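Subject: A structure for you to explore

Hello,

Here is the structure I promised to pass on to you. Please open it beside this email and look up each residue as you read.

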Amino acid sequence: MKLKGLSTFYVLLATQALSMIGSRTSGLAVGIAVFRLTGHATPLALVSVCSMAPWIVLGGVGGALADRFDRRTLMLAANVGYTLSSGLLLLAFLSGHFQLWQLYAITLASGVCGVVETPALQASVAMLVPDKHRDRANAIQQLSYPAAVAVAAGFAGVLYAAVGVVGAIVVDLGTFIAAMAVLAVVQVPMPKASRSGADAAGRWWLQPVFGFRYLAGRPALLALCIYTGAIVAFASGFWALTTPYVLDRVHATRTLGFVIATGMIGGIVGSLVMGAWGGTRPRIHTVMLSTVASGAFMMLAGAARSPVALGATMFLMSVSIPFANVAMRSIFQAKVPPELQGRVFAAMGQLNALLSPIGSLAAGPLADRLFEPAVSRQGWKAVGWLVGNAPGAGIGLLFVFAGLAIMATSLAAWALPAIRHLEANLPDHAAEPTQAIPEPSP
């Protein structure tokens, strides 16, 4: 029996959440194993870079595929790829000869699968959910990530202690198999073309860059994407260093799971509140206010030194993030025609991927070679009152600077009239006439 419409959306969300639980569980377990093996934060930062690298090179290709081919089939193929990648990682650990280069290569392969899956999934929301339900649907979708991470964080420490990294990867494989079974029975409709869609049809080799061409013709949307990419760059360093930072502060894998799970509960709360409230009108105010708040809470996380303080600051930061993500996604779903959203969302992801490695690549070496060694030097007393002088204090100061940068960037972007008045000045796509989908010219 085939599922249709809103039921498909909710089933896909549930499947995505289950898959995320498996991926985050194995990801945290692998992170713990790598940090214990090397004692350095840089390898974990490099994993983040490897996950983003396919977006830099192939992001536009993923968007073009999502607008041209059946999106359900693309998501199914991506999950097959995830399964093969996780299987190779499992074999690497089972062999007893695991090496970091294997993790980097497998992460790159999984990233390619993400390039195929993510635009297809994002572009499907507008086809499955009516506009009047979209803010709530995006909030529920946003909720699935922190809920999955919270479960995974609490589960990963216990699972790692019980069966090690191998058991965590086996769990991940099981969730991918479940996802493939669900994708085999759902239907995801493809959109009819609007006038913009007709204009988008053209030579196939130009389709991967169409998203950027579309955004370039709408400077306010492009500016909003660049702003988002800058925030992602600052935040990526924080997320890349969260595991070594918390381990340095609390010295226990089970406490690491507790702290991360507590933080992710904040994401659940934020998503629920955003789903019930719907945010401000215009939505851009929700984006900016919540991002400023997340920067402030990141600064507090850098100063936190106990499990309770770390959990509380992670909770508050995670509460604020869904407000920005949901409002941002709804803005683009309202302004971009559905048949173009695969390429436009892919362009956004590609831009984020171009900027995100800046934070991840810088964070590891800065922590290992500058900030952490500085803790034992004489001049540290000037900042030691804020972040302490024990292991992890250097990364904490790095988090303080990153949070301050997020706040300053958001306030500067909010001050720009083009961004502040974007929703009033750019019409919604709903007003455009539709027509049959044209075939791209050869």
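First, some ground rules. This is a predicted model, in which local features need pLDDT of at least 70 and side-chain atom pairs count only at pLDDT 80 or more, while totals for chains, interfaces and linings use all residues. Residues are numbered from 1 along each chain as its sequence is written, and side-chain values use heavy atoms, with hydrogens and water left out. Helices (H or I, at least four residues) and strands (E, at least two) are DSSP runs, numbered from the N terminus.

**Aromatic rings**

A pair of aromatic rings is described by the distance of the centres and the angle of the planes. Rings of Phe, Tyr and Trp (its six-membered ring) pair if their centres lie within 6.5 Å; planes under 30 degrees apart count as stacked, over 60 as edge-to-face and the rest as tilted. Searching the whole structure gives nine aromatic pairs.

One of them is formed by Tyr82 and Phe176, which are stacked, with 5.2 Å centre to centre and 20 degrees between the planes. Tyr82 belongs to helix H3 (residues 71–94) and Phe176 to helix H5 (residues 134–183), so this pair ties together parts that are 94 residues apart in sequence.

Now find Phe238 and Phe399. Their ring centres are 4.5 Å apart and their planes are at 50 degrees, so the pair is tilted. This pair links distant parts of the chain, 161 residues apart: Phe238 is in helix H8 (residues 219–250) and Phe399 in helix H14 (residues 393–414). Phe238 is buried at 2% relative accessibility, and Phe399 is buried with a relative accessible area of 2%. Together with Trp239 and Tyr245, Phe238 and Phe399 form one aromatic cluster.

**Helix packing**

Two packed helices are described by the angle between their axes and the distance between the axes. Axes are lines fitted to C-alpha atoms, for helices over the stretch in contact, and angles run from 0 to 180 degrees between N-to-C directions. Angles under 35 degrees count as roughly parallel, over 145 as roughly antiparallel, 65 to 115 as roughly perpendicular and the rest as oblique. A crossing is left-handed if the near helix is turned anticlockwise from the far one by less than a right angle, and right-handed if clockwise.

How do H8 and H14 pack? Their axes are 9 Å apart, at an angle of about 160 degrees. That makes H8 roughly antiparallel to H14, and their crossing is left-handed. The contact (heavy atoms within 4.5 Å) includes Phe238 and Tyr245 of H8 and Phe399 of H14.

H14 also packs with helix H12 (residues 341–374), at an angle of about 125 degrees and with the axes 9 Å apart. H12 and H14 are therefore oblique to each other, and the crossing is right-handed. Among the residues in contact are Leu366 and Phe371 of H12 and Leu397 and Phe401 of H14.

H8 has another partner in helix H2 (residues 42–68), where the axes come within 9 Å and cross at roughly 150 degrees. H2 and H8 are therefore roughly antiparallel, with a right-handed crossing. Leu44, Ala45 and Ser48 of H2 meet Ala240, Thr243 and Pro244 of H8.

**Single residues to look up**

- Thr242 is in helix H8 and is buried, with a relative accessible area of 6%. Thr242 touches Ile260, Met314 and Phe399, not counting residues up to four places away in sequence.
- Pro282 lies in the loop between helix H9 (253–277) and helix H10 (284–303). The peptide bond from Arg281 to Pro282 is cis, with omega near 5 degrees.
- Val170 is in helix H5 and counts as partly exposed at 45% relative accessibility.

Enjoy exploring!

Technical notes. Buried < 20%, exposed > 50% of the residue type's maximum accessible area, 1.4 Å probe, protein only.
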